[in-house]
Amino acid sequence: MKKIAILHGPNLDRLGKRQPEIYGTATLKDLEQLLRTAAKPLGVSLTFFQSAHEGALVDRIHALTDRGVEGFIVNFGAYSHTSIALRDALASSGRPAVEVHISNIKQREKFRRTSMTAGACVAMISGEGFPGYVKALHRLVQA
Ligand code: CA2
């Protein structure tokens, strides 16, 4: 069975609690449920991790790689725009990763328009809300 990890960065645990005009009203738990439902018929097993800490995310990428994870879906939140460490960790894993952003980062403030971490990913999906994660799952299953 293909194993895929879903990693979330800082503040994404607040989904559904604040800024619904940008990020909607659904929570990270709702997203987990949506993805588990989508993964079942694909025969994919999923593991979820969220942290506000850059180093914890780096450590988790390495641990999951050593445990045989076959792909990553990542939304590193604000670290997407800044983190060379997370980009290097994904690149060193040798596993395909798809980056997802709930909002359209190209249509927001200038500092959000570029992603540092997307350079280590096979694709970036931005501005499609939660369905963007399901799209990412299908993209990885095809990889
Ligand atoms: O659009 C996305 O998915 C982002 O990765 C979300 C990040 C933001 O820094 C990126 O530029 C784009 C922020 C996540 C904050 O999420 C919140 C959700 C609810 C309430 C407050 C923050």
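How far from a polar backbone atom of I102 is an oxygen atom of the ligand? The distance is 2.8 Å. The legends below describe a predicted model, in which local features need pLDDT of at least 70, side-chain atom pairs count only at pLDDT 80 or more, and totals for chains, interfaces and linings use all residues. Residues are numbered from 1 along each chain as its sequence is written, and side-chain values use heavy atoms, with hydrogens and water left out.

**View 1. Surroundings of the ligand.** The ligand is surrounded by 16 residues, each with a heavy atom within 4 Å of it. The closest are N75, H81, H101, I102 and S103.

View 2. A polar contact is a pair of N or O atoms within 3.5 Å. An N or O atom in the side chain of H101 is 2.9 Å from a ligand oxygen atom. A polar side-chain atom of R112 also lies 2.9 Å from an oxygen atom of the ligand. The protein covers 94% of the 500 Å² of accessible area that the ligand has on its own (Shrake-Rupley method, 1.4 Å probe).

**View 3. The largest nonpolar core.** This core has 21 residues, of which I4, L35, L46, I73, Y133 and L137 touch the most other members. A nonpolar core joins buried Ala, Val, Leu, Ile, Met, Phe, Trp, Tyr and Cys residues through side-chain atoms within 4.5 Å; buried means under 20% relative accessible area (1.4 Å probe, protein chains only).

**View 4. Contacts of L35.** Not counting residues up to four places away in sequence, L35 touches I6, L46, F48, Y133, V134 and L137 (heavy atoms within 4.5 Å). A second, separate core of 18 residues includes F49, V58, A89 and L90.

Conventions: Buried < 20%, exposed > 50% of the residue type's maximum accessible area, 1.4 Å probe, protein only. Polar contact = N/O pair within 3.5 Å; in protein donor to acceptor, adjacent residues only side chain to side chain.
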